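Okay, thanks everyone for coming.

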Amino acid sequence: MIEYSELYPCSNALRGAVTLDGLWKFQTDAKGEGEALGWRDGLPSPISMPVPASFSDFFTDPKMRDYTGDFWYETEFFLQPGWENRRLWVRFGSLTHRGRVFCNGKELVYHEGGFLPVLADITDSVRPGKPNRLVVHLNNELNESSLPCGATKVMPDGRKLAKPYFDFYNYSGIHRSVWILSMPEESIQDYSVTYTLRGEDALVHYSVVTNGTNAVRVSLQDHSGKTVAFSEGAEGTLEVTKAHLWQVRNAYLYTIVLEIVENDRVIDRYQEKIGIRTVRIEGTQILINEKPVYLKGYGKHEDFELLGRGFQWGVAKRDFECMKWTEANCFRTSHYPYAEEWYQFADEEGFLILDEVPAVGMMRSTRNFVAAGTGQYTYFFEAPTVPQLLANHIQCTEEMMKRDKNHPSVFAWSLFNEPETTSQYAYDYFSAVFAAARQLDPQHRPLTGAFEKNSQPELCQCYPLCDFICLNRYYGWYISGGPEIDEAEALLRAELDKWQAKNLHVPFVFTELGTDTLPGEHKLPSIMWSEEYQKEYYEMNFRVFDDYDFIQGELVWNFADFQTTEGIMRVNGNKKGIFTRTRQPKAAAFILKKRWEER
Ligand code: BDP
């Protein structure tokens, strides 16, 4: 029996995959009594709720929008013809932030963490020819031992409220597609690939995991469907002559076809697109296929009007069109692993992805974007919650790497965003995370994390763990903004001089810089929040970057405006987008476009 597979759903003559996307039933459970009242057998008074989507922004009642606690979803499905004697699974792209799955009343799985797939074997719970009830019990409370970190406040009337230690709205629900998968009893559970380039040719080393003993064979098809390499055995090498490499913004994808063969009969097949490319860091350069690449692009969010964090192909399409229009080549999945379809799209478009775990909010502050610049020490990694947090962090890193390891777009892993990093406690914690992560990726891609301003060269204990160093810096916004921008430039240069003096000989990438900007707000001369100031801020920062050759990338904050918790620092969300929340350009987009076209 398959224990846990993160392979993306695939359908062919031997495997079936149908989505259960659509209108589900939904009910909140503020008292947490649904389990005792038997809701696993059906919700007593549900309302309708679209899947995939966050539930929040559909509501007109603020208490429902901000609902925090337990909540339930329910749907029904029938088995497809021919599925009676097959192994059947239900697969959720994610359940935010934790969920328990029931099929016809039987509990199947509990999963902690809201951004990675949840899979359950339903074979022994389903009834052929009858409707099958699928019920999911979720919870979206934040605490300091799960990722992302935050707190849950109980209001005087007993209502719970999420208090994120991070700067994005605590969107929750079933955000990604739900699939029923039908598979043969003996099946392919996992595979991985690594690459060696040999002149014009390439070697694709593969390893396939099955749950049986029958023979495995593997072939590679080119873009037109022609088989160009073939091999037998669960481990082996495919030799590709005159290989088409997957290049940045010039992708070429092959299809790998994995098969299990029993007495000359193929009993399982899994196919997926892969790209041949190598990744390596050499001195201060990031090399893709042995050629240096300068990262140009964005930190993003899964965030859109009404849908919250729900995946929609149309939104992804527009985002790639906007990113390509500015000649970007990279984005960071700040601050959590995105829906798998984002990676498939990036594979097709030749975008590089810095793939990030939801290790955000590791600093006790509901306004950590402000705390990040104060220089004050923020207690965190000495808390009693840390052993559980560390276990969750490592589990999440493992699941992310397992899920995303075969995407050519993923060139590096980000294992944190802006934690406290100046104490021995932080060093011990991250040493354990990095040591675990180093064992997990067959391609040994570079490991990094995004450091906030308090992580200065003379104080930060954790940068030596990273293969390249990512800085989130806001000189000219949180520090010395507006009329003080010249001072901001001097301070930025002073910090970069200190890093330079360390002679680390590794690449540095700016993973955040930006200014909140109200679209349509114009002012000459500029003031903070105007479109003119956003342009001047970027011009200043870029001028500085160009004077330091160890800087090998700029991922600006943020691709688009996005929703956050409300408060005095945010005007209907974070407005640092280069594009508005509905994906129209602000003036700074033209500055980026011009610069990146020329780089
Ligand atoms: C950084 C965070 C990011 C925030 C950003 C900001 O990494 O999540 O949205 O600052 O303040 O602290 O806009």
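**Around the ligand**

Let's start with Tyr 478: one of its polar side-chain atoms sits 2.3 Å from an oxygen atom of the ligand. Before I go on, keep in mind that what you're looking at is a predicted model.

Glu 418 also has a polar side-chain atom by a ligand oxygen, and there the distance is 2.5 Å. Then there's Trp 557, where a polar side-chain atom lies 3.0 Å from an oxygen atom of the ligand. And how much of the ligand's accessible area does the protein cover? On its own the ligand has 320 Å², and the protein covers 98% of that.

Now, who else is around? The ligand is surrounded by 14 residues, and the closest are Asp 167, Glu 418, Tyr 478, Glu 512 and Lys 576.

Let me zoom in on E6, which is residues 87-92 and joins E9 through four bridges, running antiparallel. E6 also pairs with E14, residues 178-183, again in the antiparallel sense, over six bridges. A handy landmark here is Val 90: it stands opposite Ala 120 in E9, and Val 90 also stands opposite Ile 180 in E14.

What about the side chains on E9, buried or exposed? In this strand, residues 118-121, Val 118 and Ala 120 point one way, Leu 119 and Asp 121 point the other way, and all are buried.

**The three-strand sheet**

Last bit. Another open sheet has three strands, in the order E15-E16-E19, with antiparallel pairing. E15 (188-198) and E19 (235-240) are the edge strands with a single partner strand each, so one side of each has no neighbour in the sheet. On average, neighbouring strands here are turned by 20° against each other, ignoring direction.

E16, residues 201-210, is joined to E19 by six bridges, and the two run antiparallel. If you want to find that pairing on screen, look for Ala 202, which stands opposite Val 240 in E19.

That's my tour, happy to take questions.

Methods
Residues numbered from 1 in each chain as written. Predicted model: local features only at pLDDT ≥ 70, side-chain atom pairs only at ≥ 80, totals over all residues. Heavy atoms only, no water. Pairing = 2+ DSSP bridges. Axes fitted to C-alpha atoms, helices over the stretch in contact; angles between N-to-C directions. Buried < 20%, exposed > 50% of the residue type's maximum accessible area, 1.4 Å probe, protein only. Near = heavy atom within 4 Å. Polar contact = N/O pair within 3.5 Å; in protein donor to acceptor, adjacent residues only side chain to side chain. Areas by Shrake-Rupley, 256 points an atom, 1.4 Å probe, with all protein chains shown as cover.
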